[in-house]
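Please examine the sequence and the structure shown below.

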Amino acid sequence: MSLSLSADRPDPPDAAVDGVWLECIACGDAFPPFEAVRYTCDACDGLLEVRYADHPSLADFAAQDREDGQPPRGVWRYADALPFDAGVSIDEGDTPLYAVPTIEEEVGVADLRVKHEGMNPTGSFKDRGMTVGVKVAERLGVDRLACASTGNTSAALACYGARADTEVLVLLPAGKVAAGKVAQASLHGARILEVDGNFDACLDIVSDLADRGEAYLLNSLNPFRLEGQKTIGLEMLEQFRDQTGDFPDRIVLPVGNAGNTAALYKAFRELVAAGSLATEDVPALTGVQAEGAAPMVEAVENGWDEVRRWDEVETRATAIRIGNPVNAPKALPGIRETGGTAVAVSDEEITDAQRALARDGVGVEPASAASVAGLRKLRESGEITADEQVACLTTGHLLKDPDAAAAAGVAPEPVPADTEGVLAHLGDE
Ligand SMILES: *Cc1c(COP(=O)(O)O)cnc(C)c1O
Ligand SMILES: [Zn+2]
């Protein structure tokens with residue numbers, strides 16, 4: 001099993017360049033990292049992973065802080081765990097890990113923290129993947145970048161593509177993308193193709209375009225994106241330990257294409273290999289999906305093997321409105337081997353959790369709140385116990401989906417344009 005938590009360090013294969021190579025998670029074939037455009041295994045079409053000969057420890061990352069006065073921050077603080085030293089960067093990462101005292105008290109766990117990835121430059125964690133992925137595109141010399149997106153990937157790619165001065169094409173499911181995200185893709189200058197179909201149909205098309213050499217694919221099928229997203233896990237563990245003295249027992253996160261689930265698992269495996277994390281201390285990865293788009297949850301409930309593609313998906317958490325999670329073969333072993341689980345929540349539970357987070361000062365889009373909704377549900381069922389230290393991942397900012405926020409929040413009250421009228425209105429209550 002190539003995706004286990006074992007600390008075995010493989011010898012680099014002949015394909016390795018400076019200790020970095022691509023490896024198929026299904027058949028183990030190895031490929032040079034930047035020699036050609038390649039998203040899946042030449043031999044068996046399996047998913048590829050970036051592999052390294054050496055794995056830096058958390059102490060190694062901390063040591064670079066002390067050496068010079070300007071400590072590296074964000075994604076590139078972890079450059080030694082990435083394929084190269086610098087990306088196309090606008091200072092992504094280094095997002096806050098918040099205490100949420102009201103939710104912690106209500107849910108009843110030993111410690112609860114929320115990692116707010118909405119605080120990235122374009123308002124979602126997708127920036128962490130793009131700073132690496134768009135740099136790889138530059139190295140490969142491609143002239144057009146493309147993605148299918150439920151919104152945030154397109155916003156991030158449009159922004160990073162603009163920064164790299166490269167053409168960007170985004171395919172969006174018509175009418176199913178939150179307003180803030182389309183606005184971002186638009187202003188950063190991407191060509192936006194609105195597809196009469198769902199996200200999975202958009203991904204099928206853009207994958208075909210990529211296979212025909214029309215564009216470089218920056219969906220999370222691209223293994224380099226997950227390298228950037230891996231830094232969420234590294235940052236979370238460091239911050240959680242700084243704040244509470246321990247690593248979290250469990251990380252709860254929303255799941256769409258399961259890229260983050262795969263990326264966090266990879267971060268843990270590499271920390272185990274580096275000797276920074278004992279196997280028994282690896283946080284239990286706990287995925288949350290919306291009831292209307294829950295193929296991963298179904299797979300876990302049915303014995304972990306097969307993920308069935310859902311052709312019809314629906315949820316107001318549009319960022320996770322996905323029926324065919326491409327990274328399932330990487331993510332399912334991660335959930336299983338870390339002792340985690342997966343759970344589905346209703347749209348009402350998602351909106352309730354969005355309000356609860358807002359009450360603690362954390363403004364997120366619906367998909368993000370799925371993590372807290374899932375925590376509540378698993379705490380009620382007893383699957384998560386009161387002694388656990390838990391970190392929830394919130395993936396996108398409140399302003400991404402202003403319509404959902406306004407619908408979940410309090411309604412504005414019309415008043416006359418004079419003080420007496422306003423006072424009268426307030427007195428009426
Ligand atoms: C992309 C996205 C997700 C889904 O993440 P995966 O890595 O595909 O599982 C969840 N929430 C938000 C806000 C996103 O933009
Ligand atoms: Zn293969």
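**The ligand and its surroundings**

Ligand 1 sits in the largest cavity of this predicted model. Around the ligand there are 15 residues, and those that come nearest are Lys126, Asn152, Gly256, Asn257 and Thr395. Sorted by class, this shell contains six nonpolar, seven polar and two charged residues.

Several polar atoms of the protein can be located beside oxygen atoms of the ligand. In Asn152, the side chain provides an N or O atom that is 2.7 Å from an oxygen atom of ligand 1. Asn257 takes part through its backbone, where a polar atom is 2.8 Å from an oxygen atom of ligand 1. For Ala258, a polar backbone atom is likewise found, at 2.9 Å from an oxygen atom of ligand 1. On its own, ligand 1 has 380 Å² of accessible area, and the protein covers 97% of this area.

**The domains**

The protein as a whole may now be considered. It is divided into three parts: domain 1 covers residues 1-54, domain 2 consists of the segments 97-121 and 226-408, and domain 3 covers residues 126-221.

How far apart are the centres of domain 1 and domain 3? Taken over C-alpha atoms, these centres are separated by 25 Å. The two domains also touch: six residues of domain 1 are in contact with nine residues of domain 3.

Terms used. Residues are numbered from 1 along each chain as its sequence is written. Chains are lettered from A and ligands numbered from 1 in the order in which they are written. This is a predicted model: local features need pLDDT of at least 70, side-chain atom pairs count only at pLDDT 80 or more; totals for chains, interfaces and linings use all residues. Side-chain values use heavy atoms; hydrogens and water are left out. A residue is near a molecule or strand if one of its heavy atoms lies within 4 Å of it. A polar contact is a pair of N or O atoms within 3.5 Å; within protein, one must be able to donate a hydrogen and the other to accept it, and residues adjacent in sequence count only if both atoms are side-chain atoms. Accessible areas come from the Shrake-Rupley method with a 1.4 Å probe; for residues, only the protein chains shown count as cover. On a 1 Å grid over the protein atoms alone, a cavity is a set of points where a 1.4 Å probe fits but cannot get out, and a pocket is an open set with protein on both sides within 12 Å along at least five of seven lines; lining residues have an atom within 4 Å of a point. A molecule sits in a cavity or pocket if more than half of its atoms lie within 2 Å of its grid points. Ala, Val, Leu, Ile, Met, Phe, Trp, Tyr, Cys and Pro count as nonpolar, Asp, Glu, Lys and Arg as charged, and the others, Gly among them, as polar. Domain bounds come from an automatic or database domain assignment. Contact means heavy atoms within 4.5 Å.
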